[in-house]
Amino acid sequence: MRRVPVWKWVFIVLMAAGAYATYLRAFHGLGAVTHLSDQFPWGIWVAFDVLCGVGLAAGGFTLVAVVHIFNIEKYRPILRPAILTAFLGYLLVVLALMFDLGRPDRIWHALVMWNPRSVMFEVAWCVMLYTTVLFLEFLPVVLEKFNLQAPLKLLHAISVPLIIAGIVLSTLHQSSLGTLYLIVPHKLDPLWYSPLLPLFFFLSAICVGLAMTIFESWHSSRAFGRQLEVSLLGGMSRVLAVLLSVYLVLRFMDLSRRGAIGRIWEPRIESYLFLLEVALMALPALLIFRGHTRRPAVLYAAAVMAIFGFVTNRLNVAVTGMERASGVVYLPKWTELAVTLAIIALGFAIFRLAVQYLPIFEEAHEENRAGSDAQAEEDYLLTRA
Amino acid sequence: MAKAILFDSTRCVGCRECEKACAEKWGNPYNDKIAEVEKLSAQKLTTIETHGERFQRRLCLHCAEPTCVSVCPVGAFEKTALGPVVYDENKCIGCRYCIMACPFQVPAYEWSEVLPRVRKCDMCYARQAKGEPTACTEVCPADATLSGDYEAMVAEANKRIAESPGDYQPYIYGLREVGGTSVLFLSAVPFHELGLRTDLPKSPLPPLTWSVLSAVPDIATSGAVLMGGIYWITHRREAVAKAEGRRSGTRKEVRQ
């Protein structure tokens, strides 16, 4: 008998635990599976699954902008995996919402019962529209697999407006997730509450988008025996370092302007977690600035740190910073963690299947198409001249 | 005419008749055990809190510009002209942003229900619309809770403070908190000693998000144009470069 690899066992255990938690959630309500309360109504399903999930999928719009808008072709080989990750990420965010919403059967209400004054309303619409855009951006991969030329041509014809719509939509709601917290100046700790929250959420989303791209490229290169394109990722890492620095400088300027900077040194759990968050963002920038980017391992470590820094930031905003004012201590129940971990495991499994069966890492088609495009454009220019 | 509730904690004797009447009105269970838990919940939409020898009522304050109305993605909350903030359970999707955002920590959720709803005081909207007093006012034996027209309630509160300044804090809680509320509190001791937040802004909260949200159409439009512009520049530059590189000879001839 063949030995079942460890990761398969882990996957099976996570799925089983997730299935049990799903059963409890569906038939016994939120109270049975979460430690949420009227004092603390948003737990890790919002803090991690939604806030971090949407952020970690930011590699999609970042890379789409780099390749399609800024026309930096050398990044095209990692465009498809980034789009796949983003698309999967958003599907998983929607899946997580089905657990977190009290009435998931009414998720469609946001489509017909409008309240344009609500940030949540805007987030709902952006997530929905952007998931559709990601689906259309990903669709060519499937169409190529089955060689369906007609829909491919149609998609190609609308690709530029689609790409621009995708970037605008994702930018908007990355920042809107920060705007959600502008309404609670009386609850969110001054270390995180700032009128600039939307900007901070946007900037850090781009950072984590770049970091996720580096992270994914590293893993795909190992899993599929491809050579890691160090020069490619090196360039990306330098942009990451600059953006991280801009982000951190802005954060500290904002803290000092609001007179909250002294709170960093107060011996409170909030301060410790704030410092952890900042360290996890500053270290990767330092590593990259010191010029260690030629060593893939260092590059990878920097990306992972930035990702953890981002996750720490979102958890701090949604949990650490909200706890004191709530008057209760929130720690997730095991079933909350089980659902979150099962969703992550599902994401990894689907990603693996997708790269196995779909032309994610085959750029031949893309290159051919790009070539013929350039030819067509050239002809057009010549006829005008 | 907008209605209001005035609660005077100096008169409250802690009999909890208001709690009982409220539970009856909503069809919620009420017994000694529930009475003991001095916390708002899905089953207890008003509660008496004991602070030493004093009693303070908690209930929805029915803000003039309510946070819950502004944050709800499906518009399940409405500030009625009559004053009460009402909730439509048929719209609610259960995102709980209202609970998270309420400055007074009022809305409660039915955590153990499979099809849960948000619960909160509706200031007996149906009764008030018919000109009747709220259930809690009707049963109060000490006149600690009054209900009526907003102006009349403010006038009554000011009168009480003016007549015996020694017995009252010279401030009506709810007059200016988050832009004013339809429930007003009087107290003999500073309000924070009765568990009320005194650090809330005196202006409404919804403009905090609206100021950003209202810029979204502008940001979206200019963002799209900017992206389109960059696309045009980067791709044209490339196309021109390629064309010139490959057929430089012919192009020169054309120009001459």
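Welcome to a predicted model, in which local features need pLDDT of at least 70 and side-chain atom pairs count only at pLDDT 80 or more, while totals for chains, interfaces and linings use all residues. Residues are numbered from 1 along each chain as its sequence is written, and chains are lettered from A and ligands numbered from 1 in the order in which they are written.

**View 1. Chain B as a whole, with 10 helices and 9 strands.** Helices (H or I, at least four residues) and strands (E, at least two) are DSSP runs, numbered from the N terminus. The C-alpha trace of chain B spans about 105 × 45 × 35 Å along its principal axes. Its radius of gyration is 28 Å, whereas a compact globule of 256 residues would have one near 18 Å; the radius is taken over C-alpha atoms, and the globule rule is 2.2 Å times the number of residues to the power 0.38.

**View 2. The two domains of chain B.** Domain 1 covers 3-207 and domain 2 covers 215-255, with bounds that come from an automatic or database domain assignment. Taken over C-alpha atoms, the centres of domain 1 and domain 2 of chain B are 61 Å apart.

**View 3. Where chain B meets chain A.** Here 58 residues from chain B and 48 residues from chain A take part in the contact; two residues are in contact if their C-beta atoms, placed from the backbone, lie within 7 Å. On the side of chain B that touches chain A, the elements giving two or more residues include α8 (206-213), α9 (216-246) and α10 (248-255) of chain B. The largest share of that side, 16 residues, belongs to α9(B).

**View 4. B:E17 in helix α1 (residues 17-26) of chain B.** B:E17 counts as partly exposed because it has 19 C-beta neighbours inside 10 Å. Although B:E17 and B:V139 are 122 residues apart in sequence, their C-alpha atoms are 6.2 Å apart in space. Leaving aside neighbours within four places in sequence, B:E17 is in contact with B:V139, B:C140 and B:P141.

**View 5. B:G131 in the loop between α5 (125-129) and α6 (135-139) of chain B.** B:G131 counts as exposed because it has 7 C-beta neighbours inside 10 Å.

**View 6. Helix α7 (residues 119-145) of chain A.** From its first C-alpha to its last, this helix of 27 residues reaches 39 Å, close to the 39 Å expected at 1.5 Å a residue; the expected span is 1.5 Å times one less than the number of residues. Look for a kink of about 35 degrees at A:F138 in α7(A), shortly before the proline A:P140. The bend at a residue is the angle between axes fitted to the seven residues ending there and the seven starting there. After α7(A) comes A:N147, with a positive phi near 55 degrees.

**View 7. Helix α3 (residues 44-56) of chain A.** A straight helix of 13 residues would span 18 Å, but α3(A) spans only 15 Å between its end C-alpha atoms. This helix is mostly covered, with 13 of its 13 residues buried.

Note on methods: A residue is buried if 20 or more other C-beta atoms lie within 10 Å of its own, exposed if 12 or fewer, and partly exposed in between; C-beta atoms are placed from the backbone.
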